[in-house]
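Here is a short report for a first look at this structure. Start with the sheet, then move to the helices and the aromatic rings.

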Amino acid sequence: MTDMNAIIGSHDIVMITLDTLRYDAAVLEEPNCPNLCGSGSWEKRHTPGSFTYAAHHAFFGGFLPTPASPNKSEHVRLFHSKHTGLRTHPHTWLFDAPDLVSGLQGEGYRTLCIGGVIFFTKKVPLARVLPSYFQQSYWRMTFGVTNPRSTEHQVNHALKLLAQMDETERLFLFLNVSAIHGPNHYYIDGAKRDSIETQRAALRYVDGELGRLFAALRQRERPVFCLVFSDHGTCYGEDGYEGHRLAHEAVWNVPYREFILA
């Protein structure tokens, strides 16, 4: 059980959302993802939202994916807003702010966002909402879903930001990985449409690029607490459904991991 009151202030915090990653695809690729799964396995959880915008609003409010079991009352939340009238666990970190990001900023964290999918582009007012939580937020065309090397470009930008930071400054880095979101068929030569197989190939690509980010984070002064999970899954024809923003177990079941970067 993670005591977030011991983490906040003493650790840098990194939150990575693997956009649209299905739980079953993640589990099948565990042996091929040494950076994401070298120290453990994916936990099956339920997302609070069936598409990116809804899910990330919940995440930034402190509502992370919850265990996929009937005993949710036993689940200890990592973060919770103060003064809601709800009973909380002593290990839950309480923030007195409208959202988790500004709560961490109040604790002296530099909050950085590297966007990926459309809701982080800042091109229209709706796509400025999620990035606006952060002190610094970035999006480039090369970070988006149409670029097969998007994670490479996102990690390169993260490394540049880390190099510019004072080592003594606390870090909250958020990265929305777009590569797993469709279209992902170009990660398998000759594939014409997205599928579980092409999503698995995209995840292997992402894992390789995140290794460079983790290596740089290990060089920082503080230990790093990592949260890595999917915001939602997607359907590839199951029961006649395609895509997400719908109620199907392939959408609601997501992989989740939390760990100290060793």
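This is a predicted model. Its open sheet has eight strands, in the order β3-β2-β12-β9-β1-β8-β6-β7, and the pairing is mixed. β3 (66-67) and β7 stand at the edges. Each has a single partner strand, so one side of each is left without a neighbour in the sheet.

Within the sheet, β1 and β9 run parallel and are joined by six bridges.

Helix α7 (residues 196-217) lies across β1, β8, β9 and β12 (253-260). The helix runs at about 170 degrees to β1.

Is helix α4 (residues 52-60) mostly covered or mostly open? Mostly covered: seven of its nine residues are buried. They are Thr52, Tyr53, Ala55, His56, Ala58, Phe59 and Phe60. These buried residues pack against β1 (12-18), β8 (170-177) and β9 (224-229), and also against α5 (100-106). After α4 comes Gly62, with a positive phi near 95 degrees.

**Aromatic pairs**

A search of the whole structure finds 15 aromatic pairs. A pair of aromatic rings is described by the distance of the centres and the angle of the planes. Two of the pairs are set out below.

| Pair | Centre to centre | Angle between planes | Type |
|---|---|---|---|
| Phe79 and Trp93 | 6.5 Å | 90 degrees | edge-to-face |
| Phe134 and Phe174 | 5.8 Å | 25 degrees | stacked |

Take Phe79 and Trp93. Phe79 lies in strand β4 (residues 79-81) and Trp93 in strand β5 (residues 93-95), so the pair ties together parts that are 14 residues apart in sequence. Both of these residues are buried.

Now take Phe134 and Phe174. Why is this pair stacked? The planes of the two rings are at 25 degrees, and the cut-off for stacked is under 30 degrees, so the pair counts as stacked. The pair links distant parts of the chain, 40 residues apart. Phe134 is in the loop between β6 (109-114) and β7 (136-138), while Phe174 is in strand β8. Both Phe134 and Phe174 are buried.

Phe134 and Phe174 also belong to a cluster linked by ring pairs, together with Phe60, Phe120, Tyr133 and Phe172. Phe60 is one of the buried residues of α4.

**Charges over rings**

Which ring does Arg45 lie over? Arg45 lies over the face of Tyr256, 3.7 Å from the ring centre. In another place, the charged end of Arg77 sits over the ring of Phe63, at 4.2 Å from its centre.

Terms used: Residues numbered from 1 in each chain as written. Predicted model: local features only at pLDDT ≥ 70, side-chain atom pairs only at ≥ 80, totals over all residues. Heavy atoms only, no water. Buried < 20%, exposed > 50% of the residue type's maximum accessible area, 1.4 Å probe, protein only. Helix = DSSP H or I, 4+ residues; strand = E, 2+ residues; numbered from the N terminus. Contact = heavy atoms within 4.5 Å. Phe/Tyr/Trp six-rings, centres within 6.5 Å; stacked < 30°, edge-to-face > 60°. Lys NZ or Arg CZ within 6 Å of the ring centre and 35° of its normal. Pairing = 2+ DSSP bridges. Axes fitted to C-alpha atoms, helices over the stretch in contact; angles between N-to-C directions.
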